[in-house]
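The sequence and the model come first, and the description follows.

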Amino acid sequence: MSAPASVALAVLTLGAGVFIGALWAGRRARPAGHETGPNLADLLHRLVNSSHSGLAVVNQHGDVVLHNQRAIELGVVRDDVGDDRAIKACEQVISSGLPLEVDLSPLEHRGRQPEAVMGHIRPLGDGFAAVDAEDTSDAVRLEATRRDFVANVSHELKTPVGAVGLLAEAVLDAADNPEEVHRFGTKILNEATRLGALVTELIALSRLTGAERLPELAVVEVDDVVTEALARCRLAAESSGITIKVDEPSGLLVDGDRTLLVTALSNLVDNALAYSPPEAPVTVSRRRAGDMVEIAVADRGIGIAPEHQQRVFERFFRVDPARSRATGGTGLGLAIVKHVAANHGGDVQLWSSPGVGSTFTIRLPAREQASAPSPAQSKTKKIGTEAPRGPVPGHPVIRV
Ligand code: ADP
């Protein structure tokens, strides 16, 4: 610590008179032989240096007389000189005697410095002010995500609502033409269905991301989840002419919320159907892998380019927005899958190759059974030569 810093430390020491008095009283009460150890100045020094905040004391001439290492890390002090904005704020605080908050975010990115820093400036009296700076990057990032999300939701809702309005006008104009009324009426129904799906998925997502507690977890049979998810997707499969191949029941169990798991799996199967050409096979399989249960959905569809593979799990990210909308997609399906897996203590794995296909695998901690299935039972059954394969060795797999 520099010489001026020691002076300021003495100032702080004096300022902390009550604290010192209490400690002193405690010391006097102790028997002789316990007098060794750090003195109060040492303790204050340690306190300042161990703080998670960037601390600096500035005098009325704008000199930094004391600072800790964290103040350097946050960019508040460089080469013993204070950030201009912090010094100006200190001068103001010293003359007014009133505390102040000032944005001390780095103006340019340097090394490991945080993105956002907030400084709280307080008067210390006798011509000194203290800067107490904190890293607010996480809060700023969270706020930006929230703003983006609200903007996205508004946009996503505006489009179908606008369409319903225009279509309703068209119905009124065509009141005398039953064919036109039918055509526009069908379109209104499609838009209304899309709106309904979007609202349902938004509610599901808000529950999953902490607005509401997850219901109690129960023992869930993986085979039931697969059966129910496939039942939900049957119509979509029939209309796309795609056959879904399924392996044998496994008897595997997980601790979970059955409805959420069915939603997650049917989102994956719906996507496999939506992003595959007609008659390309889709495979659903389950197996035990170590401590985990894996449920995989593999397709031979359009695949996902490597640069998009992480991003497809973000809310409202679509590789091809027009195609997603044409298939009634909300852009929330994979975000839901990711959160469902995470809330069950698992994750989602993606292997994909453009033009070859994709395999999404939900991995959940397995529940131990009284009579565990034999290795033969828990292995994925061979499904047929034309069925899509999972990850190919040498191709990277991402996990979210
Ligand atoms: P959407 O409602 O648009 O399908 P999702 O969150 O389910 O939203 O998926 C996000 C994006 O990921 C999709 O728009 C699509 O571009 C891509 N995607 C998802 N699943 C597949 C798949 N099986 N094959 C190819 N692309 C996919």
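## Sheets and ligand site

Val284 stands opposite Val297 in strand 12. Two strands count as paired if DSSP finds at least two bridges between them. The structure is a predicted model, in which local features need pLDDT of at least 70 and side-chain atom pairs count only at pLDDT 80 or more, while totals for chains, interfaces and linings use all residues. Residues are numbered from 1 along each chain as its sequence is written, and side-chain values use heavy atoms, with hydrogens and water left out.

Strand 11 and strand 12 run antiparallel and are joined by 8 bridges. They form a hairpin with 2 residues between the strands, where Gly290 takes a positive phi near 65 degrees. Both belong to an open sheet of 6 strands with mixed pairing, in the order 9-11-12-14-13-15. Its edge strands are strand 9 (244-246) and strand 15 (398-399), each of which pairs on one side only. Strand 9 pairs with strand 11 (residues 282-289) in the parallel sense over 3 bridges. Within this pair, Ile244 stands opposite Val282 and Lys245 opposite Thr283. Helix 9 packs on the sheet, touching strand 9, strand 11, strand 12 (292-299) and strand 14; contact means heavy atoms within 4.5 Å. The direction of helix 9 makes about 25 degrees with that of strand 12. Axes for such angles are lines fitted to C-alpha atoms, for helices over the stretch in contact, and the angles run from 0 to 180 degrees between N-to-C directions.

A further open sheet has 5 strands in the order 2-1-7-6-5, with antiparallel pairing. Strand 2 and strand 5 (100-103) are at the edges with a single partner strand each, so one side of each has no neighbour in the sheet. On average, neighbouring strands of this sheet are turned by 25 degrees against each other, direction ignored. Strand 1 and strand 2 form a hairpin with 4 residues between them, and Gly62 in the turn has a positive phi of about 85 degrees. Helix 5 (residues 84-96) lies across strand 1, strand 2, strand 5, strand 6 and strand 7, and runs at about 170 degrees to strand 5.

| Strand pair | Bridges | Opposite residues |
|---|---|---|
| Strand 6 (residues 117-125) and strand 7 (residues 128-135) | 8 bridges | Arg122 and Ala130 |

The ligand is surrounded by 20 residues, the closest being Asn271, Ser324, Thr330, Gly331 and Leu334; a residue is near the ligand if one of its heavy atoms lies within 4 Å of it. This shell divides into 10 nonpolar, 8 polar and 2 charged residues. Ala, Val, Leu, Ile, Met, Phe, Trp, Tyr, Cys and Pro count as nonpolar, Asp, Glu, Lys and Arg as charged, and the others, Gly among them, as polar. Helix 9 (258-274), helix 12 (333-343) and strand 14 (357-365) each supply at least two residues of the shell. A polar backbone atom of Thr330 is 2.8 Å from an oxygen atom of the ligand. A backbone N or O atom of Gly331 also lies 2.8 Å from a ligand oxygen atom. The protein covers 96% of the 530 Å² of accessible area that the ligand has on its own, with areas from the Shrake-Rupley method and a 1.4 Å probe.

How values were computed. Polar contact = N/O pair within 3.5 Å; in protein donor to acceptor, adjacent residues only side chain to side chain.
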